[in-house]
Amino acid sequence: MKFNKQKSPQAEKEFGGTLGATCIPVFLPLTVLYLLCVCRSPVASVLQWPPVLPPTAQLWDPLAPVLILGWMALQSFFYLLPMGKVRRALLLPLAVCAIGVSFLLSLYLYICSFWAPHHALAQGGNTGNPLYDFFMGRELNPRIGSFDLKYFCELRPGLIGWVVINFGMLMKEVELRDSASLAMILVNGFQLLYVADALWNEEAVLTTMDIVHDGFGFMLVFGDLAWVPFTYSLQAAFLVVHPQSLSPLGATAIVTLNGAGYYIFRKSNSQKNQFRRDPTHPSVANLETIATATGKRLLVSGWWGLVRHPNYLGDLLMALAWSLPCGFNHLLPYFYVVYFTVLLIHREARDERHCRAKYGLAWDSYCRRVPYRIFPYIY
């Protein structure tokens with residue numbers, strides 16, 4: 001295969017362009033380690049100054065790379081199948097190694113992309129700027145043989161690792177206090193349901209922006225392998241050090257909120273996926289649509305007539321429900337819902353640009369029919 005240096009047509013750079021692509025790979029790994037350190041501190045204050053920094057010796061353990069690479073190998077083995085010892089905590093060394101693996105894999109992907117055919121490159125990550133392309137990813141769906149690296153990393157090591165870390169936190173709480181708290185059980189249960197749903201409906205990831213549009217570079221590699229398992233598990237890690245008690249009424253309200261969020265999330269996604277698979281299916285055949293010049297039709301009734309991204313609305317309700325069991329005395333457990341709100345608003349804006357470029361006047365008509373983006377009557 002010949003060496004490929006051909007650039008994609010000039011496109012608007014995202015995530016702050018070259019400056020963002022330079023700074024984000026530095027500050028995001030530091031953010032992961034900082035959040036983990038704050039979560040373990042007695043005060044758990046994200047605004048504490050000077051910040052809580054661990055001794056260098058606590059950042060490395062020889063077992064950590066063995067566990068990270070072993071976990072990747074185990075998940076690779078399960079991925080290839082035709083079917084879907086007690087030790088002191090290693091959370092910080094595991095995070096350090098996951099960050100290191102993210103940089104190494106991203107570098108490997110960037111170098112290998114120059115031997116990929118031009119049609120396999122992602123338009124947004126093939127600008128000719130090395131820093132930006134390393135961050136965004138030059139190749140759309142890089143493979144080793146038939147092994148799809150992006151599809152594997154999107155669902156397997158990070159998401160399942162998140163659940164494993166959560167369960168480890170639950171067992172640590174049992175070790176410290178002889179039983180798991182209701183707050184810890186709710187956090188584990190809610191997030192296990194979310195991950196199980198993603199794995200059960202894994203074919204749906206094939207239509208996401210990550211798979212269809214974004215190249216596989218540092219942005220997605222780091223997100224999949226380090227950011228997801230080590231920041232999405234912050235609530236469980238927080239509860240180990242800062243136990244919380246929940247009243248039956250409070251627990252019922254939180255369960256109801258998570259249930260409502262999950263219902264909106266699952267029903268809206270199922271409706272969209274069913275319409276894509278078979279628009280004549282009885283469950284979607286009577287929904288109102290708008291025709292586009294591409295031959296596709298846009299839903300303007302059902303869940304997708306309520307807001308443009310009802311699945312994001314459900315996601316955010318669940319995110320809030322995951323934080324509430326941690327109480328209101330600390331900001332740290334709410335990092336996820338704040339971050340996720342910013343992420344989804346940014347993602348919605350990116351999707352808006354792509355859809356307007358793809359569907360033209362039909363998208364303008366859709367936006368007039370469905371004026372709210374995520375929150376009905378608010379945004």
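Select helix α10, residues 234-241. This helix is mostly covered, with seven of its eight residues buried. Buried means under 20% relative accessible area, exposed means over 50%, and partly exposed lies in between (1.4 Å probe, protein chains only). Helices (H or I, at least four residues) and strands (E, at least two) are DSSP runs, numbered from the N terminus.

A word on the model before moving on. It is predicted: local features need pLDDT of at least 70, side-chain atom pairs count only at pLDDT 80 or more, and totals for chains, interfaces and linings use all residues. Residues are numbered from 1 along each chain as its sequence is written, and side-chain values use heavy atoms, with hydrogens and water left out.

## Around α10

Show the side chains of Leu234, Gln235, Ala236, Ala237, Phe238, Leu239 and Val240. These are the buried residues of α10. The buried residues pack against α1 (17-40), α6 (157-177), α7 (182-200), α9 (218-231), α12 and α13.

## The cores

Next, select Leu36, Trp162, Met169, Phe230 and Phe340. In the largest nonpolar core, which has 86 residues, these five touch the most other members. A nonpolar core is a set of buried Ala, Val, Leu, Ile, Met, Phe, Trp, Tyr and Cys residues joined through side-chain atoms within 4.5 Å. Which helix gives the most to this core? Colour α3, residues 91-112: this helix supplies eleven residues.

Then pick Ile290, Val300, Ala362 and Trp363. They are among the ten residues of a second, separate core.

Go back to Phe340. Leaving out residues up to four places away in sequence, Phe340 touches Tyr194, Tyr232, Asp315, Leu316 and Ala319. Contact here means heavy atoms within 4.5 Å.

Select α12 (residues 310-323) and α13 (residues 335-359). Their axes lie 9 Å apart, at an angle of about 170°. So α12 is roughly antiparallel to α13. On the α12 side, the contact includes Tyr312, Asp315 and Trp322; on the α13 side, it includes Tyr336, Phe340 and Arg347. Axes are lines fitted to C-alpha atoms, for helices over the stretch in contact, and angles run from 0 to 180 degrees between N-to-C directions. Angles under 35 degrees count as roughly parallel, over 145 as roughly antiparallel, 65 to 115 as roughly perpendicular and the rest as oblique.

The axes of α13 and α14 come within 6 Å and cross at roughly 125°. That makes this pair oblique. Look for Glu352, Cys355, Arg356 and Tyr359 in α13, which meet Leu361, Ala362, Trp363, Asp364 and Cys367 in α14.

## From α6 into α7

Select Asp178, in the loop between α6 and α7. Asp178 has a positive phi of about 75°, although it is not a glycine. Most residues other than glycine have a negative phi. Asp178 is exposed, with a relative accessible area of 71%.

Beyond its neighbours within four places in sequence, Ser181 is in contact with Glu173 and Gln244.

Step on to Leu182, in helix α7. Leu182 is partly exposed, at 39% relative accessibility.

## More single stops

Ser113 sits in the loop between α3 and α4 (130-136). Ser113 is buried, with a relative accessible area of 0%. Its side chain reaches the backbone oxygen of Tyr110 at 2.6 Å. Leaving aside neighbours within four places in sequence, Ser113 is in contact with Leu121, Arg138 and Glu139.

Gly302 lies in the loop between β4 (297-299) and α12. This glycine is partly exposed, at 40%. Gly302 touches Gln271 and Leu287, leaving out residues up to four places away in sequence.

End at Tyr377, in the segment after α14. Tyr377 is not a glycine, but has a positive phi of about 65°. At 70% relative accessibility, Tyr377 counts as exposed.

Technical notes. Polar contact = N/O pair within 3.5 Å; in protein donor to acceptor, adjacent residues only side chain to side chain.
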